[in-house]
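Let's learn to read a model by its side chains. Take a look at it before we start.

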Amino acid sequence: MVNLLALVDSADVALADEAERRAIQELRGMGQEALNAWAQSRAGRACLADVGSRGIQGWRKKVQWHSTYGVIEVEESCCRLNRLGTMVRPCSAGAQVHARGYSAPLQEAIANFGVDEPFAKVAEKVRRHYGIDISTYAASTVTLVRKACQHLSNRRTHLDYKRGGWNGN
């Protein structure tokens with residue numbers, strides 16, 4: 001916040017465009033700090049009480065995902081319920097994030113760009129607007145999956161309406 005206020009008093013920024021770029025950079029940094037702090041707090045509360053007892057093996061593992069503010073990274077507690085059991089990641093499961101995944105607002109932005117532009121240009125637009133590097137493959141996958149889900153949702157609403165009512169009556 002101090003850096004943002006310092007921008008207002010800055011004498012070396014003469015052009016409005018440069019001031020806007022710097023303000024966006026500062027706001028993006030503040031958003032990333034806030035999300036990282038939230039993720040750290042969430043990971044701390046999601047620690048496993050049973051680690052070390054009843055044969056549960058626990059360890060710490062990094063999880064990172066992409067948001068409109070950049071990459072968010074946190075170290076979370078994980079465990080395996082038995083030797084061959086599935087891995088339990090309470091922070092990821094509770095926050096509904098996936099390792100190397102994309103947040104819903106970022107997916108929405110990618111999909112909106114992907115509808116209008118070729119997927120190679122989507123990666124460039126995301127980099128220019130959000131400062132995040134994504135691959136062309138990620139742009140195509142996110143766009144196609146989001147739009148397919150939207151199409152199915154619209155189709156279901158249309159079918160419900162044709163059956164005699166919005167609630168399927």
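Q: Is Arg21 buried or exposed?
A: Bear in mind that this is a predicted model. The cut-off for exposed is over 50% relative accessible area. Arg21 has 53%, so Arg21 is exposed.

Q: Which residue forms a salt bridge with Arg21?
A: Look for a Lys or Arg nitrogen within 4 Å of a carboxyl oxygen of Asp or Glu. Arg21 pairs with Glu18, and their closest N and O atoms are 3.8 Å apart. Both sit in helix α2, three residues apart, about one turn of the helix. Glu18 is partly exposed, at 30% relative accessibility. Glu18, Arg21 and Arg22 form a network of salt bridges.

Q: How many salt bridges does the structure hold?
A: Five. One of them joins the side chains of Glu73 and Lys62, at 3.6 Å from N to O. Glu73 belongs to strand β2 and Lys62 to strand β1, so this pair ties together parts 11 residues apart in sequence. Lys62 is exposed at 55%, while Glu73 is partly exposed at 34%.

Q: What should the 13 residues of helix α4 span?
A: Count 1.5 Å a residue.

Q: Which residues of α4 are buried?
A: Leu106, Ala109, Ile110, Ala111, Phe113 and Gly114. Now compare with the largest nonpolar core, which has 11 residues, including Leu106, Ile110 and Phe113. The elements giving two or more residues to this core are α4, α5 and α6. A second, separate core has six residues, among them Ala39 and Trp65.

Definitions and conventions:
Residues numbered from 1 in each chain as written. Predicted model: local features only at pLDDT ≥ 70, side-chain atom pairs only at ≥ 80, totals over all residues. Heavy atoms only, no water. Helix = DSSP H or I, 4+ residues; strand = E, 2+ residues; numbered from the N terminus. Expected span 1.5 Å × (residues − 1). Buried < 20%, exposed > 50% of the residue type's maximum accessible area, 1.4 Å probe, protein only. Core = buried A, V, L, I, M, F, W, Y, C linked by side-chain atoms within 4.5 Å.
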